[in-house]
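Visitor: I'm new to reading structures like this one. Could you walk me through a few features, giving the general idea before the case at hand?

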Amino acid sequence: MRKRSWGWRLAAIVAGLALALGLTLGLAACGGDDDNEAADTSTAAAANTLNLSYVTTAQHPYGLAVEGFAKEVNADGQVTINTQASYPQAESQLLADLQSGAVDMATISSAVWDSGGLETFEALQAPFLITNYPLEAAVIDGDIGKSMIDEVNSSQSDIVVLALHEGGLRKPFGTTPIVSLADWKGLTIRAPESKVLSAGIEALGANPDPIPLPDVNQALANGTVDGMEANFGLIVTQKLYEDAKEFTPNVNLWPFPTALAVNKAKWDSLTADQQASITAAAAKIGPASIELFSQPSTFPQDLVNCDVNFHYATPAQLGQLVTAGQTAIPELPASAQAYVTQIEDLKDSMPPPAKPPALPTTKTGACGSTG
């Protein structure tokens, strides 16, 4: 089912090409010099094309979901989306570029939106609130997620949020083991520029340092930071394992949802059919992203092959972390508190998540290959 939904549809592409060819021939028949015809064609192509930027690599599950969304839109033939992975600056800058129109579309981590004064999404990353994918799926694809999107869109004049999707539960990763509450004390931890993530890190006893993703490898290597909150995909695709080796996979600090959005002026320039095509594909990105994280992955074995050590917090250690981390929740703005309560109620109504599969313990190949 997923393959058909996210795959290229050849018939749609052929139809789109035929339509484009017909339009070109029709314009030629109307007369005009070659220069004007070329200019008209270029203008039409630009009007029907959107560039979509995001910070991870295309190989990260975050990127896979974005690329699947773009393929879905492009296959429909109404509009073309060109994706631009590994945005070279901080996500806060990407948000600013989206607001100004320098970027047509972007998917931006929900934690970063509060750096631009938009605090609606903060509840999604309250410490130790959402700690499993079934709960997150119910949040981002349910009434809570829809209410958040509506709230942001009603308050903004320069952005239209289309959907929320997931980037991977974050866990402690460092140059030394970060397992117990005592391990956090005094560390400098990299995080995106985010009030909610900074509050969570500080509640655990560490000092947050907002370093752009492209600069994280160097920061780990030279000791600017002692660690970061990360997930399997981020460590593998950014090759963070080259500069840090200690990972605690059973401590889920918070998820890493991201908001897919488009510049409002660009959105308003699209036809109703083009908007409908994008909206239909955006409705699928949330479930598709959760499905990606629910499937077996080679990332754990990749990390073992690259000499990353897995550490596991005991139930007592985890309890201490949860107690400390959740002291940051009352400090969230009033706009986020109501959503925290809704998420807590939803969490209480759901069955406990299934126990995750055991992680690998021995190498099966060289670093960079999954044998």
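Guide: Happy to. Let's begin with a term: a residue is buried when its relative accessible area is under 20%, exposed when that is over 50%, and partly exposed in between. Keep in mind that this is a predicted model.

Visitor: Then is C367 buried, exposed or partly exposed?

Guide: C367 has a relative accessible area of 42%, so it is partly exposed. C306, with 3% relative accessibility, counts as buried.

Visitor: Which residues form a disulfide, and how far apart are their sulfur atoms?

Guide: The sulfur atoms of C306 and C367 lie 1.9 Å apart, and the two residues form a disulfide. A pair of cysteine sulfur atoms within 2.5 Å is what qualifies, and the count by that rule is one disulfide. C306 sits in the loop between helix 14 and strand 11, while C367 belongs to the segment after helix 16, so the link ties together parts 61 residues apart in sequence.

Visitor: Is that disulfide right-handed or left-handed, and why?

Guide: The torsion about the S-S bond of C306 and C367 is about 95°, so the disulfide is right-handed.

Visitor: What about backbone angles?

Guide: As a general idea, most residues other than glycine have a negative phi. Here D307 has a positive phi of about 70° without being a glycine. D307 is in the loop between helix 14 and strand 11, and it is partly exposed, with a relative accessible area of 42%. S86, also not a glycine, has a positive phi of about 55°. You'll find S86 in the loop between strand 2 and helix 5, and its relative accessible area of 39% makes it partly exposed.

Visitor: Now the sheet. In what order do the six strands come?

Guide: The general idea is that strands of a sheet pair through backbone hydrogen bonds, either parallel or antiparallel. In this model six strands make an open sheet with mixed pairing, in the order 7-6-8-5-9-11. Strand 7 and strand 11 are the edge strands, each pairing on one side only.

Visitor: How does strand 8 pair with strand 5 and with strand 6?

Guide: Strand 5 and strand 8 run antiparallel and are joined by four bridges. Among the bridge partners, P172 goes with E229 of strand 8, and K171 goes with A230 of strand 8. Strand 6 pairs with strand 8 in the parallel sense, over two bridges; there, I189 has G227 of strand 8 as its bridge partner.

Visitor: Are the faces of strand 8 covered or open?

Guide: In a regular strand, side chains alternate between the two faces of the sheet. For strand 8, both faces are covered: G227 and E229 are buried on one side, and M228 and A230 are buried on the other.

Visitor: Last one: how much space lies in the largest pocket?

Guide: Rolling a probe the size of a water molecule over the atoms shows where empty space is left. The largest pocket here holds about 1,600 Å³ of space. It is lined by 46 residues, of which Y133, L169, K171, P356 and P357 are the closest to its centre. Among the elements giving two or more residues to that lining are helix 4, helix 6 and helix 13.

Visitor: And what sort of residues line the largest pocket?

Guide: The lining divides into 29 nonpolar, 14 polar and three charged residues.

Notes
Residues numbered from 1 in each chain as written. Predicted model: local features only at pLDDT ≥ 70, side-chain atom pairs only at ≥ 80, totals over all residues. Heavy atoms only, no water. 1 Å grid on protein atoms, 1.4 Å probe; cavity = no way out; pocket = protein on both sides within 12 Å on 5 of 7 lines; lining within 4 Å. Points joined across faces, edges and corners; volume = space filled by probe spheres on them. Nonpolar A, V, L, I, M, F, W, Y, C, P; charged D, E, K, R; others polar. Buried < 20%, exposed > 50% of the residue type's maximum accessible area, 1.4 Å probe, protein only. Pairing = 2+ DSSP bridges.
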